[in-house]
Amino acid sequence: MTTTLLSICPALRTAFERTRYDADSLLEALGDAAHAALGRSEPVPIRLASHTKGDLGVLIRLFLLVDDIDENDAARALAPLTVDAAVEAGLLDRVVEGTVRALLDVRPLDAGDGTRWIVSDLDGSMRPAPTAPDHVLGVGQASLSLLRGTPTTHVRDVLDVGTGCGVQAVHAAGYADSVTGTDISERSMQLAAVTAALNDLSLELISGSWFEPVAGRTFDRIVANPPFVVGLGTVEHSYRDSGIDLDGASQLMIGEAPKYLKPGGTAAILASWLHVDGEDWRARVASWLPDHGVDAWILQRDVADPALYVGTWMRDGGLDPKDPANAALAQSWLDHFAAADVSGIGFGFVYLRATDLPTDVLAEDLRHAFDDPLGNEAIAYFDRLTWLRENDVAESVFELDPATALEHVSLPGDDGWRTEVIRVHRGNGPNWQHEIDDVGAMLLAGMRAGGLPLNELVTLLAAAHGLDEDALSEAALELTVALVRHGLVVPSGVVPA
């Protein structure tokens, strides 16, 4: 299959370029409402909008809606690729005489470097289709999250672990000189090769489990959207199930990745972890890392209760939880969670940087909304951490980032407004918020370019308000370090990343 699919990629790419089957044209052709319907898997608005769009509309209905298409219409839209060649290659199937249907999902995606076309298995979102054990997932919410969460600063080489259809690998080709993708699934390797060929990209694709295919090698960056579903240790679908019990797949990925990073190299990983009664999830994930040689920034984006988690992933695999056989599987899954005292399942990003220093870990919740891509913020976070290591915070002059705002939240009281909360809020990036008190607000008010170092600000503040200077100094250091880590406060003269 791969050889024939690979052989038609140049002609298919020519057809896509001729018809403008690209991300921008798709939005323009469908309009905002129908394009939003595409994200919700609602075919009718898309079908209506596409019927007046000529060859582009045909390709939309063929590859995105999986409609049955008149063969003559398909031939015009796909030229110079012939329908016979597309059928022989396994891209299309003749449903009845004169009608064809797509066998693969091929969709345009712009992740910041122009359109890339992603080839994957049909997911059943527009036309019911079974989910095979070796199903190759396309552009899903997890892969889109990782795209937005991956740093795009230039590097020489990138390793994409669990590449699937190649979404992260083709994205990496936009910021790296060379890209290597690994996957245990042979079908994933096949479709990733087709995705690369369709985009005229050269990727190194190596079949194998986890890091085994690249043993002895190191990389400037690792990206991974691995099969991190927390489950029974079985494999029902290779794109999500690792065969490792509970959150062992994430433990393996996070624990092993540092060994394959060059000094200063970074990793961006999607992962899941258990919330266990009586255990801090942050300590659990931190325990997976070595004591030396890693900076880690772990961001929890969501927590699901066990019942919701099991139901969601069963439906993802095409299983109706109401079916008696499937209900038994759900019962077994939930019993397994109960035996391990699981109260929830966390999900989020893990950013790692290889160092030659004792390991530094910050694990925290980032469950509020924000708009900016998170990836390059991770690089900025590591840069700020380096500054903290190399400088004396007490002797340094700081200023507020221009996007930092001071907020007072007040409620009605007996004598008018009563301040309940004072916080500083970063108005860009991850939109971090920190609650402070009146003294903290006064301390921050004194931070300005060319101003006094932190220890002198503390001395003045303590004298002016009759405060214990040692206690204030300790609190001021703790607050300043936290705000520097999150980018609300910056060393004076240092341009914010």
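These are my notebook entries on a predicted model.

**Overall build**

I began with the whole chain. The protein has 497 residues, and 50% of them count as buried. I then took the extent of the C-alpha trace, which spans about 90 × 55 × 50 Å along its principal axes. For secondary structure I noted 17 helices and 18 strands.

**The three-stranded sheet**

I looked up the sheet built from S1, S2 and S3. It is open, its strand order is S1-S3-S2, and the pairing is antiparallel. Strand S1 (69–70) and strand S2 (92–96) are the edges, each pairing on one side only. I went into the contact between S1 and strand S3 (residues 99–102) and found two bridges, antiparallel in sense. Which residue of S3 is the bridge partner of Ile 69? I found Val 100 there.

**Strand S11 and its partners**

Next I followed strand S11 (residues 292–304). Eleven bridges tie S11 to strand S12 (residues 342–358), and the two run antiparallel. In that pairing I noted Asp 295 opposite Arg 353 of S12. S11 also pairs with strand S13 (residues 360–365), this time parallel and through six bridges. There I noted Gln 300 opposite Asp 365 of S13. As background, I wrote down that strands of a sheet pair through backbone hydrogen bonds, in either sense.

I stayed on S12 for one more residue. Ser 343 lies in this strand.

**Salt bridges**

The structure holds 25 salt bridges. I opened several of them.

- Asp 55 bridges to Arg 18, with the closest N and O atoms 3.2 Å apart. This pair links distant parts of the chain: Asp 55 sits in helix H4 (residues 54–64) and Arg 18 in helix H1 (residues 2–19), 37 residues apart. Asp 55 has a relative accessible area of 26%, so I listed it as partly exposed. Arg 18 comes out at 42%, so it is also partly exposed.
- Asp 73 bridges to Arg 76, and here the closest N and O atoms are 2.3 Å apart. Both residues lie in helix H5 (residues 71–78), three residues apart, about one turn of the helix. Asp 73 is partly exposed at 26% relative accessible area. Arg 76 is partly exposed at 47%.
- Asp 105 bridges to Arg 107, at 2.8 Å between the closest N and O atoms.

**Negative patch on the surface**

I then checked the surface for charge. Asp 468, Glu 469, Asp 470, Glu 474 and Glu 478 gather in a negative patch. I placed Asp 468 in the loop between helix H16 (454–465) and helix H17 (469–485).

Which two residues does a cis peptide bond join? They are Ala 79 and Pro 80, and omega is about 15°. Pro 80 belongs to the loop between H5 and helix H6 (83–89).

Arg 20 has phi of about 60°. Its place is the loop between H1 and helix H2 (23–39). With a relative accessible area of 45%, Arg 20 is partly exposed. Ser 41 has a positive phi too, near 60°. I located Ser 41 in the loop between H2 and helix H3 (43–50). Ser 41 is partly exposed, at 29% relative accessible area.

Definitions and conventions. Residues numbered from 1 in each chain as written. Predicted model: local features only at pLDDT ≥ 70, side-chain atom pairs only at ≥ 80, totals over all residues. Heavy atoms only, no water. Pairing = 2+ DSSP bridges. Helix = DSSP H or I, 4+ residues; strand = E, 2+ residues; numbered from the N terminus. Patch = residues over 30% accessible without salt bridge, like charges linked within 9 Å, V, L, I, M, F, W, Y side chains within 5 Å. Areas by Shrake-Rupley, 256 points an atom, 1.4 Å probe, with all protein chains shown as cover. Salt bridge = Lys/Arg side-chain N within 4 Å of Asp/Glu carboxyl O. Lys, Arg positive; Asp, Glu negative; His and termini not counted. Charge placed at Lys NZ, Arg CZ, Asp CG, Glu CD. Buried < 20%, exposed > 50% of the residue type's maximum accessible area, 1.4 Å probe, protein only.
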